[in-house]
Amino acid sequence: MPQTGTLPHTGTLPQTGTLPNGGAFSRTGHIQSLTPLRGIAALWVVVYHFSFQYLPNIRPEALTQAIGKGYLAVDLFFMLSGFVITHVYHRSFTADPPGRYRDFVKARIARLYPLHLAVLGLFVATALGARAMDYALTGRFEMIPVDGARSISALVANLFMLQGLKASELSWNYPAWSISLEFIAYLIFPLLLPRIWAAPRAAKFALAGLLYAALAWFAWDTGDDFNQWNGPQTLLRCLPEFLLGSLLYAAFRHGGAGRLLGGNAAGLFLLGLTLVCLHLGAPDLVTVTLFAGLILALVANRGLVARALNIRPLDWLGRVSYALYLIHGFVQYAATRIITDLTGAGREALSPGWSLVTFAIMTAVSLALAHPAHHRIEITGRRGLRRLLGIDRQPAAA
């Protein structure tokens, strides 16, 4: 969740600047509307996981298909990540690609690992605590298995960010599969960015066509089911979308796309069309295609749409989105144990009313935990790890 793309990024930028389409970025390199959009996508994933996937008696599909399409938020994350990473690093990588690669990887480790390891530690500690309790009650201690989900091999895969290549067998915190794939994209991306950025406009269009063709083939091969999270084929979902996000930023910087889509009418039209397609359950490839136009329209807009999107609650939601994305998997894991202990059965036994109450509590707990996790683990851990890795003097871009 796909995070998620999903994330604020770090790098070196000018203190202020103006984009060719007239939009400005701030002292931190922040482009408005990206942070709220990321927050909305993260909350969409949470609602999808907690209702459509986890609590079968809620049945949101009776009202709308949009919640059941929540897995597409990960595709939005991948595009946003390619867009933002290109914004942050295109100058430094085109100037000195070899010299910047090591610092880039260190910055990505500092950005992703502190919270990932903290939540992973919660899963491991809970598993060991449950086994210790069973030992106290029964005298038997069940060892953590060597293979399979929540196993020793899965723990090693998580430590090296490889869990996304076989998430069904390598996951402890199942939403983290997407940040694993995004990390793999990070390792490849600096090698491609200088060539993408220096390519003439016709070559960029041709590359965009090839990447879209790869996504179309992926849609055909999966029966237009983009909810592929298990196995190496997920790279066919992540990498084209990540690189398309980079090309979207190139189009945004050129200015033509911003002038064409930056008006309120274009933004509202694309937003409305995307919501209608989600509500009606349109083909996944169609919705992902609309995401590209929607990103350009929202980041280029400086009018009514931007003011509505950049309100303080949505900005806060975007800032804690990575924490929300990772922590909600643990909330679901804990809720499963609590529901089982209280009911003696499982979540399937909950009535629709109790399912809604459970959904509301789980969502509220996830949001409440995301705020301290963002500030005390994510930000503090990133700063400490950047100092440890020797990149503490680089300014951070949102």
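1. Two residues are in contact when they have heavy atoms within 4.5 Å of each other. With that rule, and leaving aside its neighbours within four places in sequence, Ile184 is in contact with Leu165 and Leu235. The C-alpha atoms of Ile184 and Leu165 are 9.9 Å apart in space, and the two residues are 19 apart in sequence.

2. On the basis of the note: this is a predicted model, in which local features need pLDDT of at least 70 and side-chain atom pairs count only at pLDDT 80 or more, while totals for chains, interfaces and linings use all residues. Residues are numbered from 1 along each chain as its sequence is written, and side-chain values use heavy atoms, with hydrogens and water left out.

3. Confidence comes next. pLDDT is the predictor's confidence in each residue, on a scale from 0 to 100. The protein has a mean pLDDT of 88, and 90% of its residues reach 70 or more. Over residues 1–28 pLDDT stays under 50, and the model has 113 contacts beyond four places in sequence for them. Residues 394–398 also stay under 50, with 22 such contacts.

4. The protein has 15 helices and two strands. These are DSSP runs numbered from the N terminus: helices are H or I with at least four residues, strands are E with at least two. Ile184 is found in helix H6, which covers residues 177–198.

5. How much of the protein is buried? Buried residues make up 53% of the 398 residues. The term means under 20% relative accessible area, against over 50% for exposed and partly exposed in between (1.4 Å probe, protein chains only). Ile184, at 16%, is buried. The protein exposes about 17200 Å², of which carbon and sulfur atoms supply 67%; accessible areas come from the Shrake-Rupley method with a 1.4 Å probe, and for residues only the protein chains shown count as cover.

6. A nonpolar core is a set of buried Ala, Val, Leu, Ile, Met, Phe, Trp, Tyr and Cys residues joined through side-chain atoms within 4.5 Å. The largest one has 111 residues, and Phe83 and Phe226 touch the most other members. Helix H2 (residues 72–95) gives the most to this core, with 14 residues. Beyond four places in sequence, the residues that Phe226 touches include Tyr71, Leu72, Leu215, Phe218 and Val288.

7. Ser51 lies in helix H1 (residues 34–53) and is buried, with a relative accessible area of 4%. A polar atom of the Ser51 side chain lies 2.5 Å from the backbone oxygen of Val47. A polar contact is a pair of N or O atoms within 3.5 Å; within protein, one must be able to donate a hydrogen and the other to accept it, and residues adjacent in sequence count only if both atoms are side-chain atoms. Not counting residues up to four places away in sequence, Ser51 touches Pro56, Ile58, Pro60, Ile67 and Phe359.

8. Thr363 is found in helix H15 (residues 352–389) and is buried at 10%. Its side chain has a polar atom 2.8 Å from the backbone oxygen of Phe359. Beyond four places in sequence, Thr363 is in contact with Leu43 and Phe50.

9. How many disulfides are there? Counting pairs of cysteine sulfur atoms within 2.5 Å, the total is zero. Cys238 is buried at 0%, and Cys277 is buried at 13%.
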